[in-house]
Amino acid sequence: MPVSFTYSARELANKLKRFSTSALPIDAGRRGSCNRCGECCKLPFPCPFLRYDADGLSSCAVYHARPPSCRKYPRTVHENVTPETCGYYFVDVKDIGIGPAATEQAGG
Ligand code: SF4
Ligand code: SF4
């Protein structure tokens, strides 16, 4: 029986892009915080380290060893592929002056 891939070429390309840019800094305009929705850990397929507690909040089973692409997600507005649910958002720092960047991703 053939293996069924449910992710699209675009989702895979986004994943590869986030991996390849993960050494770059987080955009200074990032604001907000991780609400532990876990959506970023499902693209292009659910990560085997993704966990959910009884309240439906996500966590990472390898949190302290998770890769930079996870720690920095979403690094830029263009790399945010879960804007509908993600607790982070981006502002234009030219309009407000450069302030502190948001904290690292906390959820799964
Ligand atoms: S943060 Fe953890 S659970 Fe989420 S994709 Fe990264 S390794 Fe997987
Ligand atoms: S970084 Fe965003 S998409 Fe990922 S778990 Fe946190 S709130 Fe959800």
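**Note on the loops, fold and ligand shell**

1. Pro44 is found in the loop between strand 1 and strand 2. Strands here are DSSP runs of E, at least two residues; helices are runs of H or I, at least four; both are numbered from the N terminus. A cis peptide bond joins Leu43 and Pro44. Omega of that bond is about 5°.

2. This is a predicted model: local features need pLDDT of at least 70, side-chain atom pairs pLDDT 80 or more, while totals for chains, interfaces and linings use all residues. Residues are numbered from 1 along each chain as its sequence is written, and chains are lettered from A and ligands numbered from 1 in the order written.

3. How many helices and strands does the protein chain have? There are three helices and four strands. Along the sequence, their order is α-β-β-β-α-β-α. Strand 1 covers 30-32 and strand 2 covers 50-52. Helix 2 spans 68-71, and strand 4 spans 88-90.

4. Cys37 has 18 C-beta neighbours inside 10 Å, so it counts as partly exposed. What is the C-alpha to C-alpha distance from Cys37 to Gly56? The distance is 8.0 Å. In sequence, Cys37 and Gly56 are 19 residues apart.

5. Now for another cis bond. The peptide bond from Tyr73 to Pro74 is cis, with omega near -15°. Pro74 is found in the loop between helix 2 and strand 4.

6. Which residues are closest to ligand 1? They are Cys41, Cys47, Phe49, Cys60 and Cys70. In total, nine residues surround the ligand (C-beta within 6 Å of it). The shell divides into seven nonpolar residues, one polar and one charged. (Ala, Val, Leu, Ile, Met, Phe, Trp, Tyr, Cys and Pro count as nonpolar; Asp, Glu, Lys and Arg as charged; the others, Gly among them, as polar.)

7. Last, the whole chain. The protein chain has 108 residues, and 20% of them count as buried. Take the contacts (C-beta atoms within 7 Å) between residues at least 6 apart in sequence: 76% join residues at least 24 apart.

Key
A residue is buried if 20 or more other C-beta atoms lie within 10 Å of its own, exposed if 12 or fewer, and partly exposed in between; C-beta atoms are placed from the backbone. Two residues are in contact if their C-beta atoms, placed from the backbone, lie within 7 Å.
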